[in-house]
Amino acid sequence: MALAMFGALWRYRGFVSGSVKREFQSKYRNTMLGAAWTVLSPLAMILVYTLIFSQVMQNRLPGNASTYGYSIYLCAGILTWGLFAEITSKAQNMFLEQANLLKKISFPRICLPVIVVLNALVNFAIIFGLFSVFLVFSGQFPGAVFVLILPVLLLQIALAIGLGMVLGVLNVFFRDVGQFFQIFIQFWFWFTPIVYPASILPAEVRGLLAWNPMAAVIQSYQTILVSAQAPQWSSLLPAAILALLLCALGLQLFRKRAGEMVDEL
């Protein structure tokens, strides 16, 4: 099954790459600065976080005396959470938004979640690349441990697209699913240690974070980028198991309901 899927994706690689390119170009069509906004927007966000939280508000992390410690902590969480939110939000609507394409053109439907992930990764690569440049020039680059971001990133993508595929199929038949998730993900954001360190929470609340798969993922990024240390890999095991289960469930729902989805659309 996996080999057939990869084979289908390879045969339709032109369709996938063309879709990603069109999506990127459409974002900046009819703008005077064009693709320059891909740099200006994230650069402005990084500068705001740095100036406001490091200089004006003088926030400090417990046990971290660096001037930019809290800004790096905040960016590590918000930028990576943004990738997760973008993949899940777009994936839950991918079948609805591509209804005409699904009805008129025959192509491997697995291309759609791949296109969603690639589009999100293009945006993430630009903004995280700029953030990495900031780390280098501010003297806060974590060193060789930086490469450990890759396995954490792969886990996050698997978790996001697995959840997104399940939501995407359900959203075709029950449109309230998408509306509910948009509200739910806002609460999920604040239940994840992104703008605050988990250490400030009461002990009983910290215990509940074990039920939040994104808490361990975000904390792994923060450990790498703020403390320049390897994350606690065992803490990522529940998120990895959940990601595998969601991907398997998403593919199963997708295969069983593909025909019904086209009729429903």
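Where is the place of Q156? Q156 sits in helix α7, where helices (H or I, at least four residues) are DSSP runs numbered from the N terminus. This is a predicted model, in which local features need pLDDT of at least 70 and side-chain atom pairs count only at pLDDT 80 or more, while totals for chains, interfaces and linings use all residues. Residues are numbered from 1 along each chain as its sequence is written, and side-chain values use heavy atoms, leaving out hydrogens and water.

**Around Q156**

Q156 is buried, with a relative accessible area of 1%; buried means under 20% relative accessible area, with a 1.4 Å probe and protein chains only. Setting aside neighbours within four places in sequence, Q156 is in contact with T80, W81, L83, F84, M214, V217 and Y221, where contact means heavy atoms within 4.5 Å. Q156 and A240 are 84 residues apart in sequence, yet 8.6 Å apart in space, C-alpha to C-alpha.

**The nonpolar cores**

A nonpolar core is a set of buried Ala, Val, Leu, Ile, Met, Phe, Trp, Tyr and Cys residues joined through side-chain atoms within 4.5 Å. The largest one here has 68 residues, and W81, I87, F95 and F131 have the most contacts inside it. Among the elements that give two or more residues to this core are α3 (37-56), α6 (111-137) and α11 (237-264). The largest share, 16 residues, comes from α4.

What does F131 touch, leaving aside its neighbours within four places in sequence? F131 is in contact with I46, I72, C75, A76, L79 and L225. A second, separate core of five residues includes Y196, A198, L201 and L209.

**Two helices side by side in a table**

The expected span of a helix is 1.5 Å times one less than its number of residues.

| Helix | Residues | First to last C-alpha | Expected span |
|---|---|---|---|
| α4 | 29 residues | 41 Å | 42 Å |
| α10 | 15 residues | 21 Å | 21 Å |

Helix α4 bends by about 30 degrees at A91; the bend is the angle between axes fitted to the seven residues ending there and the seven starting there. Since 24 of its 29 residues are buried, α4 is largely enclosed by the rest of the structure.

Helix α10 is mostly covered too, with twelve of its 15 residues buried, including P213, S220 and Q222. At the start of α10, a side-chain oxygen of N212 reaches to within 3.1 Å of the backbone nitrogen of M214. After α10 comes A228, whose phi is positive, near 55 degrees.

Note on methods
Buried < 20%, exposed > 50% of the residue type's maximum accessible area, 1.4 Å probe, protein only. Polar contact = N/O pair within 3.5 Å; in protein donor to acceptor, adjacent residues only side chain to side chain.
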